[in-house]
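Biologist: I have a new structure open and would like to learn how to read it. Could you walk me through a few features?

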Amino acid sequence: MIAGAVATWKALPVAQRRMVATLLTAIGLANVAQPFPDLAPLQHGPTVLLTFATPWLLRRWPLSTGSVGCIWLFLLLHTFGARWIYSYVPYDDWARMLSGYDISSLLGLQRNAYDRLVHFAFGALLTAPVAEIARRKGSLRHGWSLAFAFAAIGLGSALYEIFEWLLTVIAAGETADYYNGQQGDVWDPQKDMAAAQIGSALALIALLRRRGGDPIGETPSPEGPAQ
């Protein structure tokens with residue numbers, strides 16, 4: 001079993017192995033002196049499981065390093081926000097320390113907007129990987145794969161918001177509220193889904209402007225490591 005795991009790990013391209021390693025490191029650092037220890041497992045647990053499963057997932061469904069890089073960057077953004085359960089990412093404090101101004105005042109924000117950034121990144125960064133999967137596994141043409149990816153982002157966003165609603169129903173009040181991070185905004189789910197679709201639409205525009213078959217690179221062979 002261990003030998004099989006090592007072989008699966010070594011079969012990944014070097015760049016992808018580095019991404020997996022840096023993501024695990026980021027998760028570890030995000031939990032040093034964790035400010036919300038009770039909620040940390042709920043925030044970081046799924047990311048840890050996904051990261052450890054990555055070598056097997058990529059062996060079964062290999063992706064280009066460009067696609068893996070998009071997923072990696074999204075998960076890094078999530079890991080960063082999860083340290084402060086999204087609602088308390090102290091970007092205003094950092095901005096005041098560096099410039100004397102805070103971002104919320106400059107942009108007229110009434111709430112911590114880091115979660116909006118991550119929802120936007122969900123659409124902007126995951127559209128290309130989903131389109132690649134649709135082309136390679138679903139045999140869709142380039143244009144149809146992008147349309148599928150745009151629709152999949154919308155479905156994924158809706159399912160996540162439904163999950164948050166179910167968590168609110170099942171979990172204790174404060175735990176659910178902190179995880180959901182609505183911050184008093186009754187239209188939070190709709191705005192989150194809109195942010196993801198805007199990100200996906202911008203990604204589609206960028207991908208459609210590129211010429212050639214694969215907009216993000218060649219998928220590595222699962223037969224062995226690639227450089």
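Modeller: Let's start with a crossing: H8 and H10 cross in a right-handed way. Keep in mind that this is a predicted model.

Biologist: At what angle do the axes of H8 and H10 cross?

Modeller: Here's the general idea: two packed helices are described by the angle between their axes and the distance between the axes. In this case, the axes of H8 and H10 (residues 188-209) cross at roughly 165° and come within 9 Å. Angles over 145 degrees count as roughly antiparallel, so that is the term for H8 and H10.

Biologist: Which residues of H8 and H10 make the contact?

Modeller: On the H8 side, look for His142, Leu146, Phe150, Ile153, Gly154, Ser157, Ala158 and Glu161. H10 brings Pro189, Asp192, Met193, Ala196, Gln197, Ser200, Ala201, Leu204, Leu207 and Leu208. Sorted by class, the contact of H8 with H10 has eleven nonpolar, five polar and two charged residues.

Biologist: Now for H7 and H8: at what angle do they pack?

Modeller: H7 (residues 114-138) and H8 (residues 142-170) pack at about 135°, and their axes are 8 Å apart. H7 and H8 are therefore oblique to each other, and their crossing is right-handed. Among the H7 residues that meet H8 are His119, Phe122, Leu126, Val130 and Arg135; the H8 residues they meet include Ser145, Phe148, Ala152, Gly156 and Tyr160. By class, the contact of H7 with H8 has eleven nonpolar, seven polar and two charged residues.

Biologist: What about the loop between H7 and H8?

Modeller: Ser139 sits in that loop. Ser139 is not a glycine, yet it has a positive phi of about 55°. Ser139 counts as exposed because its relative accessibility is 63%, and the cut-off for exposed is over 50%.

Biologist: Ala33 has a positive phi as well. Where does Ala33 lie?

Modeller: Ala33 lies in the loop between H2 (14-30) and H3 (40-60). Its phi is about 50°, although Ala33 is not a glycine. With a relative accessible area of 66%, Ala33 is exposed.

Biologist: Let's turn to another loop residue, Ile85. Is Ile85 buried or exposed?

Modeller: Buried means under 20% relative accessible area. Ile85 has 1%, so it is buried. You'll find Ile85 in the loop between H4 (65-83) and H5. Leu42 is 43 residues away from Ile85 along the chain, and their C-alpha atoms are separated by 9.7 Å.

Biologist: And Asp102: which residues is it in contact with?

Modeller: First find Asp102 in the loop between H5 (91-99) and H6 (103-107). Leaving aside neighbours within four places in sequence, Asp102 is in contact with Asp92, Ala95 and Arg96. The side chain of Asp102 also reaches the backbone nitrogen of Ser104 at 3.3 Å. Asp102 counts as buried, because its relative accessibility is 15%.

Biologist: Zooming out, how many helices and strands does the chain have?

Modeller: The chain has ten helices and zero strands. Of its 227 residues, 41% count as buried.

Notes. Residues numbered from 1 in each chain as written. Predicted model: local features only at pLDDT ≥ 70, side-chain atom pairs only at ≥ 80, totals over all residues. Heavy atoms only, no water. Axes fitted to C-alpha atoms, helices over the stretch in contact; angles between N-to-C directions. Helix = DSSP H or I, 4+ residues; strand = E, 2+ residues; numbered from the N terminus. Parallel < 35°, antiparallel > 145°, perpendicular 65-115°, else oblique. Left-handed = near helix turned anticlockwise from the far one by under 90°. Contact = heavy atoms within 4.5 Å. Nonpolar A, V, L, I, M, F, W, Y, C, P; charged D, E, K, R; others polar. Buried < 20%, exposed > 50% of the residue type's maximum accessible area, 1.4 Å probe, protein only. Polar contact = N/O pair within 3.5 Å; in protein donor to acceptor, adjacent residues only side chain to side chain.
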